[in-house]
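Please keep the sequence and the model open while reading.

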Protein chains: 2
Amino acid sequence: MLYDFSFYLRNRTPSMSKGLPKRSENYSEWYNEVVKRAGLAENSAVRGCMVIKPYGFAIWEKMQRTLDDMFKATGHQNAYFPLFVPKSFLEKEEEHAEGFAKECAVVTHYRLKADPDGKGLIVDPEAKLEEELIVRPTSETVIWNTYRNWIQSWRDLPLLINQWANVVRWEMRTRLFLRTAEFLWQEGHTAHATEQEAVEETERMLGVYADFAENWMAMPVVQGVKSPNERFAGAIETYCIEALMQDGKALQAGTSHFLGQNFARVFDVKFVNKENQLEYAWATSWGVSTRLMGALVMAHSDDKGLVLPPKLAPIQVVIVPIHKTEEDLATISEKANAIADELRAAGISVKFDDDDKQRSGWKFAEYELKGVPVRLAMGMRDVENGTVEIARRDTLTKETVSLDTAVTTIRTLLEQMQQSIYQRALQFREENTHLVDDWEQFKLKIEEGGFLLAHWDGTAETEEKIKEETKATIRCIPLNSVEEAGKCVYSGRESAKRVVFARAY
Amino acid sequence: MLYDFSFYLRNRTPSMSKGLPKRSENYSEWYNEVVKRAGLAENSAVRGCMVIKPYGFAIWEKMQRTLDDMFKATGHQNAYFPLFVPKSFLEKEEEHAEGFAKECAVVTHYRLKADPDGKGLIVDPEAKLEEELIVRPTSETVIWNTYRNWIQSWRDLPLLINQWANVVRWEMRTRLFLRTAEFLWQEGHTAHATEQEAVEETERMLGVYADFAENWMAMPVVQGVKSPNERFAGAIETYCIEALMQDGKALQAGTSHFLGQNFARVFDVKFVNKENQLEYAWATSWGVSTRLMGALVMAHSDDKGLVLPPKLAPIQVVIVPIHKTEEDLATISEKANAIADELRAAGISVKFDDDDKQRSGWKFAEYELKGVPVRLAMGMRDVENGTVEIARRDTLTKETVSLDTAVTTIRTLLEQMQQSIYQRALQFREENTHLVDDWEQFKLKIEEGGFLLAHWDGTAETEEKIKEETKATIRCIPLNSVEEAGKCVYSGRESAKRVVFARAY
């Protein structure tokens, strides 16, 4: 199906009114401006809630489609559970309640009425709910309350369910995509007959997330488990993938939780096991969110705007005609449309931008801002010579190739770019990952940003102290870390392996 | 990609513990039981909110995917707007406010805290919002407030945006899919430079809905406009598609609204037109919801359970082996898997149910309940003869065919069934649509159900009276109705055309 991309090009003038801030000068401001000007998202009139704009949503849709296929390929089914969580449900699991109570949107009434003292509407005091409803910050409670009726026997297990949904956490300091009061996500909630199966599921889904981050987002991640301090409220173990952003800060890109029997116990989800005994079911939950959009921007983009890995780019190739007369445009269009058709036949999404209201130089800058991976420029000389100019967004390099081989070249180029963007991010991470064994060095290095691999004595106390003194947190205890006797970088006590420290989003 | 459908078959025992109620005896109870037992949805612990179960959600996903493609093919882009509507936004458009104020979920606080007087959590009185937030019942206000910054010039128009979202309307009497406090839907919100373009868009999207209802859901619909009484709150004109259910009641299956400049005016969305003058933008909005799931069930299903049009069936073909020994099963499986592969290669979704814990008779009933369009049964005699038994769900007829031609037969059969299910519904509607010119006859006929085509004098007063006396409402003034001078069936006053009356969901 051919989609019309013209919307993405609207509101052109404001975005180009001045250059982007530079990453080196103000990374945070650069991020905000890229997100807004590239048409990904903007703040809404509702505090902390964002509007995801069409171009941003098109990228999110590609992420969703890919992840959804991966979930289904691993045996999961989608379902949908209510937006509201009764307050009494949230109270049931103590740690969970403590973790989410402080940032809840609470529904207390179900009706407005005309203000008797003036214009407008007021909350109708007679329409007060008997029990308050919380707008879901996550759905373990509602879902496990439902699972009670779905699970009777080991034959009903495993129960492998996912939902795509919006959730609300009343964050006080928000940032587009990275931390918003409302965000979109998926949450997997599975139930298993044995502890081992649940742990395997937790790890399997972490693997799916890592696969997606690395092979689709072109973003290398460290897989690991959280320290007890950083665990999801109610989890026995939280697995995570951690990525390094260009400013040297870490970003948690996805989590997968082994929940043990905590939720089964409080919601009384028991099943008859193979030995004919009643047992509580074992749980996992796992999620990624629109936060990945922020990670994507911060991992790859540059001072000219977005850099998108081809696999997630809504427009993979744009063709810009370079012409003086309408006659020339007609001649160029014929060739351009032919190549566009060929590219589409090869499964590549293409936009031919023959909009006459903007100059080609302006278009070049606009598509760079929007991160379109490949730009083709075609002028009358190209038509005469049977050539086209190919520019790649990641390296900003150009070459002129014969039209005959252009499609093959572009196809190969898109694959190369996907790899190359990943390799660049990987190299950046490697250059910014340091073994640190000395506390003074730790304090120095953390200022430079990056991942610090250091020994830790395993206590929450030390973890807290390090955070207080340096703002660094334990991002994870890597799954692939080797046993290596050492001394805690802070306390000097014994340690058996290194963990990853960083300042984080 | 091969999906595992095994989940859909869990919880088998409860669903089969007794037969379904009969439509003729208790239609309403029959509907609820089909929805629950076929695994489409169930009530949640949250008043009026449903859980959409995996099998139901798989059907909804097919609907979504199809509609989404249709929206994109007509030039629309998806985006996402906040869940919350500030109270002051809702107040702005007076009719709109009046229409939705009475059924709002109102967020008044953003934090819970530990109850100082006991266990559990209470709403923190110090965390009261300055302005209450309404959980969106629809998003015109939030979206038009955003459009103010997106629209400056006629070059920014048309703006063609859709969002897939959850919405909340605090209905007092709820019913799975048909009327729930929370439901899933899509809402298109477009802005145009001229009245004519906006009206064309409104009609275009009604056409898309009618196309989807008839060619995918196999459900014939009448396209028309609502009487002023039944318009969307804030609309100038509401177009709708109306379908007839098997119990003779009408169901509004989708609406498309021409909103004029109402929302542009209250949210100050002006643009410079081609004549260089400032003008308010013209608006449309249009939506369909999970209510379509209810329509799908009530349009086609029978006393044995769901009947699904093949295009929307998550499993189109199920293969059930009939065997006595494990050896026989192995022999049958080889043939069954071969035909399953062939069917999949032809783009047909297939489940081979070799589960050994249930007998084949049980499986037959279960797949009938779940509405799988085609069932193949294969026993040892079939293996010997090179045949397979094909049963179709809609007519419950069977035939035995040669394995060589089975794939072609099934492919043709699925297409025929799609047509045939539509034709059956169309015939039902035709048999239950009556021209009525006499008030006594009207009162008699309305008891039998169906669409009554009658003259109406065009006044809200008459419409109200008819509703009071018969519970029938004007479903729509059909777009294709011919001018025909007549007398109002109730008042006897002059009328220029017939409208459709019915009792409705």
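B:Arg393 sits in the loop between β20 (387-392) and β21 (398-402) of chain B. In this predicted model, B:Arg393 counts as buried, at 3% relative accessibility.

**B:Arg393 and its partners**

- The side chains of B:Arg393 and B:Asp302 are joined by a polar contact of 2.7 Å.
- A polar atom of the B:Arg393 side chain also lies 2.8 Å from the backbone oxygen of B:Glu368.

**B:Gln316, another loop residue**

- B:Gln316 is placed in the loop between α9 (291-300) and β17 (317-321) of chain B.
- B:Gln316 is buried, because its relative accessibility is 11% and the cut-off for buried is under 20%.
- A polar atom of the B:Gln316 side chain lies 2.9 Å from the backbone oxygen of B:Pro310.
- Beyond four places in sequence, residues touched by B:Gln316 include B:Pro310, B:Lys311, B:Gly347, B:Ile348 and B:Ser349.
- Also among them are B:Val372, B:Pro373, B:Val374 and B:Leu414.
- B:Ala250 is 66 residues from B:Gln316 along the chain, and their C-alpha atoms are separated by 28 Å.

**Cysteines**

- The count of disulfides over all chains is zero.
- B:Cys240 is in no disulfide; its nearest cysteine sulfur belongs to B:Cys476, 4.6 Å away. A disulfide needs the two sulfur atoms within 2.5 Å.
- B:Cys240 counts as buried, with 0% relative accessibility.
- B:Cys488 is in no disulfide either; the nearest cysteine sulfur is again that of B:Cys476, at 17 Å.
- B:Cys488 is buried too, with a relative accessible area of 4%.

**Relation of the two chains**

- Chain B superposes on chain A by a rotation of 180 degrees, with 0.0 Å of shift along the axis and an RMSD of 0.0 Å. This is the relation of a two-fold axis.
- Within chain B, B:Val107 has the C-alpha nearest the axis, 2.1 Å from it.
- The copies meet through the same surface, because 99% of the interface residues of chain B are also interface residues in chain A.

**The interface**

- How many residues of chain B are in contact with chain A? There are 78, and they meet 77 residues of chain A.
- Between them, chain B and chain A bury about 6700 Å². Carbon and sulfur atoms carry 64% of that area.
- Two salt bridges are found across the interface of chain B and chain A.
- B:Glu61 forms a salt bridge with A:Lys72, with the closest N and O atoms 2.9 Å apart.
- Helix α3 (residues 54-73) of chain B supplies eight residues, the largest share of the side of chain B that touches chain A.
- Polar contacts across the interface of chain B and chain A involve 30 residue pairs, with both residues at pLDDT 80 or more.

Conventions:
Residues are numbered from 1 along each chain as its sequence is written. Chains are lettered from A and ligands numbered from 1 in the order in which they are written. This is a predicted model: local features need pLDDT of at least 70, side-chain atom pairs count only at pLDDT 80 or more; totals for chains, interfaces and linings use all residues. Side-chain values use heavy atoms; hydrogens and water are left out. Copies are superposed by least squares on the C-alpha atoms of residues with pLDDT of at least 70 in both. Contact means heavy atoms within 4.5 Å. Buried means under 20% relative accessible area, exposed over 50%, partly exposed in between (1.4 Å probe, protein chains only). Buried area is the accessible area (1.4 Å probe) that two parts lose on being put together, summed over both. A salt bridge is a side-chain nitrogen of Lys or Arg within 4 Å of a carboxyl oxygen of Asp or Glu. A polar contact is a pair of N or O atoms within 3.5 Å; within protein, one must be able to donate a hydrogen and the other to accept it, and residues adjacent in sequence count only if both atoms are side-chain atoms. Helices (H or I, at least four residues) and strands (E, at least two) are DSSP runs, numbered from the N terminus.
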